[in-house]
Amino acid sequence: FLVAIKLGLVVDAFSIGFGPPIWKREIRGIVFKVCWFPLGGYVALPQLDPSGMATVQGTEKPEDEAEEAPEVRELPDVTPAKKIAVSVAGAAGNIMFAVVLSWIIWLSPGAITYKGAPIVGSVDTESVAFAEGLRVGDEILSLNGESVATWYDLSMESLLIGESSGVSLAVKRGKEELEMTIPLVLAEGAEVPILAGVERRAVPCLLKAIMPGGSAERAGLQANDIVKSLDGIAVHGAQDLVALVGERSEREIHLVIERDGEEMEFVVVPAYSEEHERGLIGVRPVDVIMPWMHEKRPVAQLRADALGIVRLLKALVTPSESKHAASGLGGPVMIFAALWMAIKISIFNAVGFLRFLNVNLAILNLLPIPVLDGGHIMFSLWEAITRRKAHPKFVNILVNAFAVVLIGVFLLLTCRDVDRLFPGIKNLLHREAATNVVEEVSEP
């Protein structure tokens, strides 16, 4: 909007949301409005899109139905360079906002970030994985040739492969690298396959907070410390710490802590809690590190976000992965659910998710699809190379056709998200349908 105004383009409307307006007001010839479907927004620029993207704008019909609005307005020509600058500006706005959010995480001591390698926490001794040689403490380096740096990366690759009788695994054990083949299986009720026999992940036991007055505070433990071991026993996640501390009430325990890359040892005495019926040391460990909180440095944050969406786009155009990639996509409902989950974890998690979302939106918006900014860039490049504009009717047809497709995809993803997040609704509808059938059959 700002770049279009600065470059002298005609601006018809600035809208938050799509469809018919809930509220609108015209200021200096520009209609500002809020619309019913909050799936984003748009700036109506007739010199880029002569139809004004009528399909998604919810354009009202003229009062006189017989009177037809002119198909093409007579507007001053705009150079391809200006059109491209305006089209790129939307994605640039997303990136600039993402940069600000990444610096908030970088500068905030309370923002907990950690990137833990995919290290095996336990292996079923009766499984194929154990027979192939996989052991506790092994670090998984790649899956079918795709490198994985975290458990999230491994889950993504597993999702894209789907259930399989065997995937090639590169594993690091000490200084040795091993190759093995292990099946991917889908547990009941799960959507992402897992390595058969790998019962538990080894994840970092990161301390989110230290409770005032507890033995951990007196011993000198701090927030963001990582518990590596307790009495010589490796600690792989919050569950391990809770279980090991709980059974050692009123006796000294030796904790090995990683702080700022250095290992330190502390002696702590758990106090017995009658309320919880186990020993406590007064710490609050992090249950899970979300994928958008793996990196601390701003550049690393943005790079990780970009690589994630690029990997997904690559999978969508790869025949062997496209079906599984599409099954993992989420729509507006899933986005709101993820944001709410991030807010409940911490405000910094929410900031990280918004950064992740803005990088995703910037990249998606630059795809060469007519209804998106990338489509306008494509038309402008055509004009710059051929010295001819794409015919307005042709542009209108493509933009509106892809707008219909985009709305259809949004609706499809929304229905699937509701089915995933609220299975009770589906069951209720099934029960209602069954009841109706029984009532109809029972009538004399």
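Is Ala-243 buried, partly exposed or exposed? With a relative accessibility of 44%, Ala-243 counts as partly exposed, where buried means under 20% relative accessible area, exposed means over 50%, and partly exposed lies in between (1.4 Å probe, protein chains only). The residue sits in helix H7, which spans residues 238–246; helices (H or I, at least four residues) and strands (E, at least two) are DSSP runs numbered from the N terminus. Ala-243 and Arg-278 are 35 residues apart along the chain, and their C-alpha atoms are separated by 8.9 Å.

The model is a predicted one, in which local features need pLDDT of at least 70 and side-chain atom pairs count only at pLDDT 80 or more, while totals for chains, interfaces and linings use all residues. Residues are numbered from 1 along each chain as its sequence is written, and side-chain values use heavy atoms, with hydrogens and water left out.

Turning to the overall fold, the protein chain contains 14 helices and 17 strands. It has 444 residues, of which 37% count as buried. Contact here means heavy atoms within 4.5 Å. Among contacts between residues at least 6 apart in sequence, 61% join residues at least 24 apart.

Helix packing is illustrated by H5 and H9. Two packed helices are described by the angle between their axes and the distance between the axes. For helix H5 (residues 151–161) and helix H9 (residues 319–327), the axes come within 7 Å and cross at roughly 115°; axes are lines fitted to C-alpha atoms, for helices over the stretch in contact, and angles run from 0 to 180 degrees between N-to-C directions. On the H5 side the contact is made by Leu-159, Leu-160 and Ile-161, and on the H9 side by Ser-320, Glu-321, His-324, Ala-325 and Ser-327. These residues divide into 4 nonpolar, 3 polar and 1 charged, with Ala, Val, Leu, Ile, Met, Phe, Trp, Tyr, Cys and Pro counted as nonpolar, Asp, Glu, Lys and Arg as charged, and the others, Gly among them, as polar.

H5 is largely enclosed by the rest of the structure, because 8 of its 11 residues are buried. The buried residues of H5 are Trp-151, Leu-154, Ser-155, Met-156, Glu-157, Ser-158, Leu-159 and Leu-160. After H5 comes Gly-162, with a positive phi near 80°. Neighbours within four places in sequence aside, Glu-321 is in contact with Leu-160, Arg-311 and Ala-315.

Buried positions in H12 are Asp-373, Gly-374, Gly-375, His-376, Ile-377, Phe-379, Ser-380 and Glu-383. Their cover includes helix H3 (80–107), helix H11 (347–365) and helix H13 (392–421). H12 is followed by Arg-387, whose phi is positive, near 65°.

Most residues other than glycine have a negative phi, and most peptide bonds are trans. Asp-231 has a positive phi near 50° and occupies the loop between strand E11 (226–230) and strand E12 (233–234); its relative accessible area of 29% makes it partly exposed. Glu-277 has a positive phi near 60° and lies in the loop between strand E15 (271–273) and strand E16 (278–280). At 61% relative accessibility, Glu-277 counts as exposed.

In the loop between strand E17 (283–285) and H8, Met-290 is buried, at 12% relative accessibility. Apart from neighbours within four places in sequence, Met-290 is in contact with Met-341, Ile-345 and Asn-349. Met-290 and Gly-352 are 62 residues apart in sequence, yet 9.1 Å apart in space from C-alpha to C-alpha.

Finally, the structure holds 1 cavity of 30 Å³ or more. On a 1 Å grid over the protein atoms alone, a cavity is a set of points where a 1.4 Å probe fits but cannot get out, and lining residues have an atom within 4 Å of a point. The largest cavity has a volume of about 30 Å³, a volume being the space filled by probe spheres set on the points, which are joined across faces, edges and corners. Its lining comprises Pro-291, Trp-292, Met-293, His-294, Glu-295, Gln-301, Ala-304, Asp-305 and Arg-355. Helix H8 (residues 298–316) gives the most to this lining, with 3 residues. By class, the lining has 4 nonpolar, 2 polar and 3 charged residues.

Technical notes: On a 1 Å grid over the protein atoms alone, a cavity is a set of points where a 1.4 Å probe fits but cannot get out, and a pocket is an open set with protein on both sides within 12 Å along at least five of seven lines; lining residues have an atom within 4 Å of a point.
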